[in-house]
Amino acid sequence: DTKEAARTYLQGETGNSYRAEMTEAFLEEGPKMLDFFERETSEVRFLSSPQFPDYHPTAPGGVAGGRSVLAAPFDGTKLGKEFQRLRPPLRTITFVGMMFNSGNEVKHFFNATKSLTSAIYVAKRLTGHMKELLLYRRGTRLTSGNALAARLAKSAFDLGIPIRTSTRALSLITDAGRVTGAELSTPAGRQVVTVRRGVVMAAGGFPQDPARQAKLFPHGRKGERHVSPAPEGNTGDGLRMLEAVGATIDETLPNAAAWIPVSQVPLGKGKVGVFPHLIDRYKPGVIAVNRRGQRFVNESNSYHDVGVGMIETSRDEKEIAAWMICDHRALRKYGMGFAKPFPMPTSIYTGSGYLLKGKTLAELAKVAGIDPAGLEATVKRYNDNARRGVDPDFHRGENVYNRYLGDPDAPNACIAPLDQGPWYAIRLHLGDLGTYAGIRTDARARVLDGEGQPIGGLYAVGNDMASLMGGNYPGAGITLGPIMTFGYIAGRDLAASV
């Protein structure tokens, strides 16, 4: 790979929102950041993912693999007593609290009833996991983002750096136009912290802020409630504190968040979880339709692209909604959403109302509130093409990214007819994997005021910083990559300051 190819790809992905200075900083400092953390910390380690493609691999500068990295799996017990403070993974995307690190692991669970090798693998994983639950009340083998958070935390603790949870920042303190500290609410009461060099704001954006959702989210402007898998505490406090000292928010991006279709999962006792549809959409025998029963998107495109499709197809509707549809064969083989495949009984999910069921497509449409004639016509056309292994309407399965999360053992990794009833549906809502609209900064992560000048002693990174991705989603980790890179940039700038 080359920096030139990556630049070409990002320039095309960000379009009119392309910011050359920010992009150059990201491309130049990102590799240095990875080297720095592996060299200078006790625990932060990354693995390459050479087969994981860009989300738009056929675009200029796009590649079929090699640009994504992920945190190496981590044993949470190495955190000692601090392990109990680590936020667990999202309940809805684990299996009895178990995390998975690769598609191969998931494949073993799918094949456990058909392969002795997979059955043995699953038995060992479940036995080990049950032991972990007895000893620690949660799984200890951490992967993906949970592993990254744990590795960063362990490295901080090893350096004697405290991480103060149950502590809320209330406001920034300034002196002569420079940020000199912050007021905090702690378990012991209010506290003022003064700083010698500066404050870095990284409060997670605003995925749980109803006021800003109503202003910037298309469904928020319709008066619809946003459903997000983000932590409940990500309520936009950081942005409000930054605005109070003169920072400005970039609201010009075509998408204010990284969209993802989600479903609401009844968890019992009145609790409802959020399931992000990351993998099921790619599987053969699963499609997505709008209220008119029509397909509206390539279901095997990225979650953000499907979210944009949901917005477009619901533009003239009162709410943004869609439904995932599959037949009995696909459900039993792959599962759909929170509904698990065989041998888990389907009745668990139909009984809770999460999974809708119909003996015929017309019956399913009536239960779901979809136009029956539209759904029947859509499935007929899709099936006619699927039997030939093609999708002339949306070109599903025609690029390497589509196929990457499909079924490599199927005749077509992404396409199969829906012709074995009964049929099932899950209602989709528009969710997010992080917000894009944020504070304007320069390439050193310094917060800018309304005149475009840096505010002394103040930095913003992560989802509080306006995304350099231009409201698009070019590839895996496209929020975490900039978070880590510009955090590294801010840290070096602070270290060099007087």
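A residue is called buried when its relative accessible area is under 20%, exposed when it is over 50%, and partly exposed in between, using a 1.4 Å probe and protein chains only. Take E299 as a test case: its relative accessibility is 2%, so E299 counts as buried. This is a predicted model, where local features need pLDDT of at least 70, side-chain atom pairs count only at pLDDT 80 or more, and totals for chains, interfaces and linings use all residues. Residues are numbered from 1 along each chain as its sequence is written, and side-chain values use heavy atoms, leaving out hydrogens and water.

Where does E299 sit? You'll find E299 in the loop between β12 (286–289) and α9 (303–313). Helices (H or I, at least four residues) and strands (E, at least two) are DSSP runs numbered from the N terminus. Leaving aside residues up to four places away in sequence, E299 touches R281, I287, A288, V306 and R396; a contact here means heavy atoms within 4.5 Å.

Now step back to the whole chain. It has 15 helices and 18 strands, and 51% of its 498 residues count as buried. Its C-alpha trace spans about 70 × 50 × 50 Å along the principal axes. Of the contacts with a separation of 6 or more, 69% are between residues 24 or more positions apart.

Let's look inside. A nonpolar core is a set of buried Ala, Val, Leu, Ile, Met, Phe, Trp, Tyr and Cys residues joined through side-chain atoms within 4.5 Å. The largest one has 50 residues, and L172, L242, M336, Y354, L355, V447 and L458 have the most contacts inside it. Strand β15 (residues 423–435) gives this core its largest share, four residues. A second, separate core of 48 residues includes F52, A71, F74 and V262.

Three strands make an open sheet in the order β5-β6-β7, with antiparallel pairing; two strands pair if DSSP finds at least two bridges between them. β5 (168–175) and β7 (189–194) are at the edges with a single partner strand each, so one side of each lacks a neighbour in the sheet. β5 pairs with β6 (residues 178–186) over seven bridges in the antiparallel sense, and A169 has L184 in β6 as its bridge partner.
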